[in-house]
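Reader: I would like a close look at one part of this protein, namely a pocket and the residues and elements that surround it. Please take the description slowly and give the cut-offs for the terms you use.

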Amino acid sequence: MLKKLFISAILLIAVLSFVVSLLKGNNNGAKVVSVPDRVAVINIEGPILSGDGKETLFNHTAGVTSGSVMRQIREAADDKSVKVLLLRIDSGGGSATAAEEIGRELKRFKENTNKPIVSAMGNMGASAAYWIAACASDKIYANSTTLTGSIGVYMPYMNVEELFKKIGITSGKIKSGPYKDIMSGDRPMTPEEQAILQEIVNEIYADFIKTVAEGRKMDEAKVRGLADGRIYTGEQAQKLGLVDELGNYYDALAAAGKLGGIEGEPPVKEPARQTPWEMLFTSEMAKAIEAHIIRQITGDVQLESTPKAER
């Protein structure tokens, strides 16, 4: 009984969401309205992950993925009404690869459009989030209490060998090479393995330093002196040259409008939030179901147009 009620509730939500989406988005008789010059706002909140996670009600991705951010950057580049890009950042960091992917796309945006980029930091704009802000922004805004910086790289690992011994667990591996199980948690790391990983960390760290130095137009030696992994307040970061101005999101938005040549309070373009219909299923599945329902309503179904003798 409960199962039937649950399924009925889901179907009711799906149908209602579909009807609402039709009423909102399928009015073919609506007049075409010219779009004013505007600022494209991209929100980067929570952990920054590599990949392109698709969210549904049953599969929620915490944070933001590089795939979703890169897609928004490309959409902004293709939109003639967008005159400037504003990154609204509130993140403590994440994947170095994700930051590099997003940074590369931001640089491509500037090269292809010659349009400015502004970053606005909220509570945090640190580590990978600072990489993104620093790499291509014409101006970086932060609140005086924002925590930013944390320029550095680390690889976490854990050794649970002694715990395994206490609870009677033993492990073994058959491996193709001496370093295939590097960073295994059931044994100590060897000096050779530590040297390999340290070299990788140093290489990524050097890329981080170079990215900040180029983006902020600072000497690499000065950046390296600031890049010991520590965080800075927004006020400290401004004095050190890591951010440009102290202010909130609306201060950054006003500055973005001026850089983009937009008079008055700039209109904003933000990605539309997923409808319950799309959250219930994947976006692709929602579109397929929506198309099927439309065909049923309009009678445009192959089965119905086929002569009875051929059914």
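Author: What follows begins with a pocket and then turns to elements that line it and to some residues elsewhere.

This is a predicted model, in which local features need pLDDT of at least 70 and side-chain atom pairs count only at pLDDT 80 or more, while totals for chains, interfaces and linings use all residues. Residues are numbered from 1 along each chain as its sequence is written, and side-chain values use heavy atoms, with hydrogens and water left out.

The second largest pocket has a volume of about 320 Å³. A pocket here is an open set of points, on a 1 Å grid over the protein atoms alone, where a 1.4 Å probe fits, with protein on both sides within 12 Å along at least five of seven lines, and lining residues have an atom within 4 Å of a point; the volume is the space filled by probe spheres set on the points, which are joined across faces, edges and corners. The lining of this pocket comprises 17 residues, and Gly94, Ser127, Gly152, Val153 and Tyr154 are the ones that lie nearest its centre.

Serine 127 is found in the loop between E5 and H4, and its phi is near 55°, a positive value in a residue other than glycine. Most residues other than glycine have a negative phi. Serine 127 counts as buried because its relative accessible area is 17%, buried meaning under 20%, exposed over 50% and partly exposed in between (1.4 Å probe, protein chains only). Methionine 183, in the loop between helix H5 (161–166) and H6, likewise has a positive phi, near 70°, but with a relative accessible area of 30% methionine 183 is partly exposed.

A search of the whole structure finds 2 aromatic pairs, that is, rings of Phe, Tyr and Trp (its six-membered ring) whose centres lie within 6.5 Å, counted as stacked with planes under 30 degrees apart, edge-to-face over 60 and tilted for the rest. Tryptophan 131 and phenylalanine 208 form a tilted pair, 4.9 Å centre to centre with 35° between the planes. This pair links distant parts of the chain, since tryptophan 131 belongs to helix H4 and phenylalanine 208 to helix H6, 77 residues apart. Both tryptophan 131 and phenylalanine 208 are buried.

Strand E5 (residues 117–126) holds serine 119, which is buried because its relative accessibility is 0%. The side chains of serine 119 and serine 137 are joined by a polar contact of 2.7 Å, a polar contact being a pair of N or O atoms within 3.5 Å, where within protein one must be able to donate a hydrogen and the other to accept it, and residues adjacent in sequence count only if both atoms are side-chain atoms.

How values were computed: Helices (H or I, at least four residues) and strands (E, at least two) are DSSP runs, numbered from the N terminus.
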